[in-house]
Every structure is written in structure tokens, then in C-alpha cells.
Amino acid sequence: MINEELYYEKPAKNWHEALPLGNGSIGAMCFSGVKTDVISLNHDTFWTGHPKSIKKEGAYEAYKKAQKLALKGEYFEAQGIIEKGFLTCWSQAYMPLGDLTLSFQLNKYESYRRKLDLSDAVLESSFHAENSCIKKTAFISYPDDVLVYKIESENGRFSFSVNIYSPLKSKTSVSNGVLILDGECPGDADTKSPHYPCNSLVYSDDPEEKGVLFRCAFKVITDGVVSENKNIIEIENASYAVLLLAVKTSYNGFDKFPAVEGREYKNACINTLNKASSYGFDELLNRHIADYSALYSRVSLNLFDNSEPIPTDERIKRFKKADDNGMYELLFNFGRYLLIASSRQGSLATNLQGIWNNSIKPPWNSNYTVNINTEMNYWCALPCNLPELMQPLVELIKTLAVSGEATAKEFYNAGGFVVHHNTDIWGYTAPVQGSANWGYWNGASGWLCRSLYELYEYTLDRVYLEKTAYPLMKKAAQFYLDILTEDGNGGLIISPATSPENLFKFDKGTAALTKSTAMINSIVLDLFVNCKKCCETLSVNDDFYKQICESILKVKPLVIGENGAILEWNEPLEETDIHHRHVSHLYALHPAGLITKKNKELFDACRKTLEIRGDDGTGWSLAWKVNFWARLLDGNRALSLIDKLLTLVSPKSANYRKGGVYPNLFDAHPPFQIDGNFGVVSGMCEMLLQSDSKNIYLLPALPNKWPNGSVKGLAARGGITVDVCWQNGKITDYSVHGNSENLNIVLCR
């Protein structure tokens with residue numbers, strides 16, 4: 001189907017035209033070239049750094065001093081103290097593995113085509129050259145943990161060579177026909193440098209300061225003649241060649257020194273490669289498709305589009321002028337594809353770029369930015385009925401709950417655990433350096449716990465709630481209980497506070513830190529409410545439950561300003577940028593769901609807030625606004641933001657007000673961030689189905705441009721999946737799968 005494939009009539013010229021493959025751990029960007037074919041490789045554990053404890057002498061004293069000043073309204077002075085005495089260093093960075101390069105003895109070619117089939121996660125390219133048809137087929141198998149790349153000629157022979165290059169410290173060798181790359185990731189990314197992203201890569205000879213060690217192994221199965229030439233494999237006179245590649249590292253968890261306590265990886269890599277090569281290509285392909293399709297096929301969206309198939313890059317260019325509802329289907333399917341390709345059981349959580357990065361100085365270190373971006377990566381997992389893909393995020397939160405406990409004690413003299421603006425695979429939880437604008441924000445632990453509770457809401461897995469979600473949520477809540485402060489009017493607030501990553505004008509310039517903010521108080525309230533629900537579900541009636549119930553009544557509520565919008569800070573303050581990409585003060589609307597149309601005054605204030613913010617923004621910001629407008633039941637406004645997102649962006653663009661997509665449909669912040677791909681899928685799900693513990697709303701925000709359609713397999717809270725059909729904007733048929741006995745099905749159209 002044309003809306004389940006990306007296709008092009010020329011090879012990729014750059015990384016933003018290449019097509020992504022992945023199995024959660026191994027990632028590849030395939031250029032599908034003719035004379036030279038590049039496969040840009042990644043692995044989810046290729047990070048700089050090693051376990052370390054981040055401390056700051058006098059941090060708690062600085063925090064308390066800043067708090068005292070902020071409560072008195074002396075924001076500029078309070079921010080100065082935080083920036084000097086509380087912030088620390090940068091988190092570590094995600095690194096590329098390198099490039100596998102295939103060089104062919106081919107010149108002229110014609111009839112070129114490449115396509116990525118989203119329904120089976122298989123990439124194909126083909127062309128005619130020298131009286132033969134060359135076809136390439138590529139995929140990355142989750143069951144067998146290898147990249148597979150088959151090249152075949154229908155009526156001729158071909159020759160080519162293969163080499164591998166890594167920008168990291170490494171060496172290549174060839175043994176028994178296997179090309180081996182052994183190396184190590186940097187032990188540090190110069191995290192104390194004032195520059196960001198990582199200014200320089202640091203290697204160490206001290207075993208405890210070494211980074212992740214790795215091996216990448218590659219072999220060819222062919223009917224051609226294979227030879228070795230200075231760490232290059234050459235294949236001559238072949239009618240087919242199957243390339244297999246495996247990657248293993250010494251990463252053994254956030255608290256294990258990778259060069260001293262790491263996993264055995266060298267033999268593991270060779271064994272994985274040998275096991276995969278014992279299967280034929282067809283068996284590897286069938287095992288891959290069976291595994292992937294079982295996830296992808298759970299949901300389908302049909303908007304009854306009859307567009308003619310044209311190359312995807314041309315389709316994006318023409319979208320604004322064409323009637324192409326199928327483009328929405330393609331964007332929806334591509335986001336689901338990317339999640340399956342970048343987050344699987346046993347892999348690490350998706351970072352700012354999923355698992356795809358080609359730079360040793362990636363934007364924002366390609367880390368986990370947890371003031372929205374990491375959370376947004378998983379918004380579409382549950383409504384798209386992919387709960388098992390949440391497992392890597394759950395494991396990340398488990399890690400942060402351990403490392404964040406020390407940070408809570410060191411920086412706040414508090415119990416529980418805390419996470420600030422950024423983290424990495426080493427469980428970084430301290431406040432990063434630079435400006436309080438981003439560095440001082442302690443809401444990530446609370447926000448991440450929303451993901452934990454939603455996983456329970458969708459699956460109703462009581463064992464998971466009791467053993468995993470609730471203990472982590474309770475621990476996060478304990479931190480906030482310990483630092484809540486009286487606001488002087490009988491309410492409880494987190495103080496001082498910021499609203500990521502916004503600034504306001506002040507008498508001495510601009511500032512980010514105030515007495516309190518709408519976002520952090522909403523996060524705390526949402527966490528407490530969900531902890532209360534956990535206690536009631538699990539029949540817990542202890543002192544913690546009583547303290548939570550009391551605190552819920554005292555957490556400072558949202559305030560509506562004179563202009564009818566939600567106050568972002570604790571008082572009316574003039575923003576330096578009224579169209580800022582973050583809309584943090586609407587956390588209670590989405591993702592929290594604390595505000596619904598039943599709260600008419602706040603509901604209307606949310607609408608006013610969004611109207612003032614405007615419809616422009618970075619890629620992920622546009623995606624968040626799609627979700628906001630869907631929650632406000634305005635499908636037409638939500639769709640207008642998706643239309644903005646489907647704007648072709650140049651790889652050279654760095655305009656934060658103009659997000660869009662690249663030719664390969666990757667989300668453009670710009671630069672590339674994958675959260676927009678996931679966030680827009682979530683928004684489309686919200687347009688078609690919303691749910692809470694008592695109600696399922698069908699087509700709550702259906703736009704006029706989608707008069708006819710169907711969706712199958714969308715998930716709702718309560719362990720439910722739903723199929724819906726509609727014509728002329730009216731529901732014609734629906735079915736609910738699962739125990740919906742105690743749920744109210746609301747037909748909104």
C-alpha cells in the first residue's frame with residue numbers, strides 16, 4: 001500500500017534522505033547508493049562515559065538560600081545563587097558506531113527505485129546496470145540481532161568491496177573471512193566544558209575511566225570469490241551476496257564500569273554472527289517479518305485516500321497544494337514503525353534521535369532530555385497497543401530511581417528520588433550546568449511516573465502496579481513531599497521553580513526562576529492523585545496514603561490571569577517570547593488529563609493560552625500542540641498543526657519556529673529530533689479516541705478533512721481495543737474488544 005511505504009527514485013545524497021532500519025539495539029541509515037553504498041551504523045549502548053557520582057559542595061545550602069530569596073520575590077538574586085552554587089556539569093553523549101561502505105564496479109544505471117515497506121520493516125532498492133538488474137534487500141532482525149543485507153543480480157554478475165570505518169577509537173582486522181571492528185567509546189565527553197553539545201571526546205588508560213568497549217563483526221555469504229586486502233573484504237563475480245553484521249558491547253548497566261565489570265562481548269558478537277549465518281536468508285527474513293508484523297499489524301488507519309503513488313520527497317513538497325489524506329496515514333504508520341525499530345524489550349530507551357545518529361557532536365548530545373522529549377517518545381506506545389515497547393522506559397526509570405536517590409539527598413537533603421533536565425545511560429540525575437533556564441528543573445521524576453501509571457491504566461496489570469509502578473511512584477512522591485513549601489496563603493508549592501525553558505522580563509533583565517510555576521505544581525498534583533489511586537487499588541491505607549490525601553487538597557491550583565490564560569509563573573510576568581516552543585503550564589491538560597471540558601473555566605483558559613502561544617514551533621512543539629488541541633476537542637485546529645509538521649525542511653535549517661520533516665520523514669526540530677514523529681502519532685490517536693477510567697470517547701476531535709475512514713485496534717484505558725468506522729463525519733459502526741462492562745462508550749460524532 002502506498003501509505004505504508006516510503007519510496008524514492010534516486011539514492012540518498014545525505015543522511016536526511018537515507019532510510020532508517022532498527023531492532024531496538026542496532027540502528028542503520030541506508031543510503032542505497034549504486035557505485036558507493038553507505039550504511040551508517042548505530043548501537044543503543046554507544047555512549048560516552050562510565051559510572052560516576054555527581055556532587056556539588058554547598059549545593060543544599062545554595063538551594064535553601066535561593067528558596068528564601070524566591071519566596072520574597074528576589075528572583076534575579078535567587079537565580080544567580082542557583083547558577084553558581086547548584087548546577088553541575090553536562091550529561092554524557094550518544095555516539096555513532098560508524099559507516100559500512102560498499103564499493104561496486106558499476107557506472108551507468110537506470111530505472112532506480114528504493115522503498116521502505118513499513119508493514120514488514122524491509123528496505124528494497126533496485127536498478128538496471130550493465131544489462132542486469134541489481135536488487136538489494138535489507139532489514140535488521142530482532143529475533144536474531146543482526147543486520148541482513150542481500151544483493152542479487154537477476155541475469156548477471158557483480159563485484160564489490162566492503163570496509164568499515166568508525167570515528168571512535170578502534171581497529172579493524174579480518175579473520176577467517178570475518179571483518180572485525182574492535183574499539184571503545186570515549187570515557188568522557190568533556191562534560192565540564194562550557195560548550196554544548198560535547199566539545200571533545202576523552203579517552204583514558206585507567207580501566208575504571210574507560211568507556212564502553214565494543215565489537216562489530218561482519219561476514220559475507222556468496223557464490224562469488226571472497227578475498228581479503230588490508231582489512232577490506234572483496235567479492236568478485238557474484239550473482240548474490242548476503243551480508244550479515246552483529247554488534248555487541250561491554251555495557252552491563254548504569255552502575256558497572258564497562259572495562260572492568262562489563263559483559264563479555266567479543267565471543268558474544270561472533271557467536272551471534274555465526275548463529276545467524278546458520279540460517280538461510282529466507283529463514284532470517286521470515287523470522288524478522290513474523291516478529292515485526294505481530295506488533296505493527298495491531299493498528300491500522302484508513303482515510304480512504306486514492307492518491308497516485310509518487311516519490312515521498314515529492315509528495316511532501318506537493319502536500320500543501322494536494323488533496324492527500326494518505327499523507328496523514330503515512331506519517332501515522334511511520335511513527336509506529338520508528339517506535340518498533342528503536343524500542344524493544346531488552347534495548348535501552350529511545351533517546352533524542354531514537355537510535356540514529358551520525359555525529360560525534362550530536363545536537364544536545366543526543367541524550368535523554370526529560371523535560372518533555374523522552375516522555376513524548378512513548379506517548380503513542382499505549383494508544384497504538386504496543387505496551388511491551390514501554391519496557392525500556394520502565395527500566396530507565398528504575399535506574400533513575402536509584403541514582404536519583406543520592407541526588408535528592410545531596411542537593412535537597414530530601415528522601416525519595418529526583419531527576420532534572422537531562423539524563424543518560426549512566427543514570428545522570430543532577431542539575432546540568434549553564435542557565436537555570438534549563439538546568440534547574442526538578443520535575444522529571446514526577447513526569448516519568450505518569451508514564452508508569454498510564455502503563456497500568458492501559459494494561460490493568462496488577463502485579464506490575466504492585467511490584468514496579470507504585471513503589472517507584474511512591475519514591476518520587478516522597479521527594480516532593482519533603483520539599484513542598486508553604487506559599488504564605490495556605491497552599492503548598494515547589495519553590496524555587498522554573499517553567500522549561502522559558503524566560504520572563506524582570507527589573508534587572510531576564511530570568512527563569514520564580515517563587516513557583518504552574519508546571520511543577522501540576523506535576524506534583526498529578527503524581528499525588530495517581531499515587532492515591534494506586535493505594536486505593538492495592539488497598540493501602542498507611543501514613544503515606546494519608547499524607548498524599550492531605551497534600552492533594554493543599555497543592556496550589558492553577559491560576560487564570562486577567563487575559564483569560566493560565567498563568568505560567570506564580571504571578572503575571574511578561575514573557576520574553578510569547579510564542580515559546582514549550583507550553584509547560586498546560587501540563588494539566590496534556591499529558592495529565594487533570595483538566596477536561598467538565599472544568600469549563602480552566603478548559604477555556606487552556607484554549608486562550610494556546611491561542612496566545614500561536615501555532616508555530618519546532619517539530620516536537622507542533623506535535624505537542626496537536627495533542628493539546630485534540631484534548632480541547634478541536635480536530636480542525638489539531639489537523640492544521642499536523643499540516644505545519646508536514647513541511648519539507650532543509651538539513652541546513654536551524655529555525656526553531658519552523659519545524660517540519662526531512663525528505664525521509666524524520667521530524668525536524670530542526671535539527672533532527674525523533675520526538676515529533678512519536679508525538680504526532682499520539683495526537684492523531686487523541687483525535688480518534690480518548691479514554692479515562694470510566695469513559696471511552698469515539699472520534700472526539702475528528703477534523704472535517706477526514707469525513708470518511710476507519711481505524712482498527714486503537715487501545716483505550718482498561719485493557720480495551722476499539723475499531724471504528726465513519727462516513728460523512730458520522731460513526732457508522734464500532735466494536736469494543738475486552739471487558740467494557742463498566743465503561744461508558746461515548747459516540748462523539
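The model is predicted, so to speak of conventions: local features need pLDDT of at least 70, side-chain atom pairs count only at pLDDT 80 or more, and totals for chains, interfaces and linings use all residues. Residues are numbered from 1 along each chain as its sequence is written, and side-chain values use heavy atoms, with hydrogens and water left out.

I begin with the sheet. It is open and mixed, with three strands in the order β26-β27-β31. Strands here are DSSP runs of E with at least two residues, helices are runs of H or I with at least four, and both are numbered from the N terminus; two strands pair if DSSP finds at least two bridges between them. Because β26 (689–691) and β31 (744–747) each have a single partner strand, they stand at the edges, and one side of each lacks a neighbour in the sheet. On average, neighbouring strands are turned by 15° against each other, direction ignored.

β26 and β27 (residues 695–698) run antiparallel and are joined by three bridges. Within this pair, Gln690 stands opposite Tyr697 of β27.

Helix α17 (residues 675–688) packs on the sheet and touches β26 and β27, where contact means heavy atoms within 4.5 Å. The direction of α17 makes about 80° with that of β26. Axes are lines fitted to C-alpha atoms, for helices over the stretch in contact, and angles run from 0 to 180 degrees between N-to-C directions.

I turn to the cysteines. With a disulfide defined as two cysteine sulfur atoms within 2.5 Å, the count is zero. For Cys685, the nearest cysteine sulfur, that of Cys384, is 3.7 Å away. Cys685 counts as buried (under 20% relative accessible area, with exposed over 50%, partly exposed in between, 1.4 Å probe, protein chains only), because its relative accessibility is 2%.
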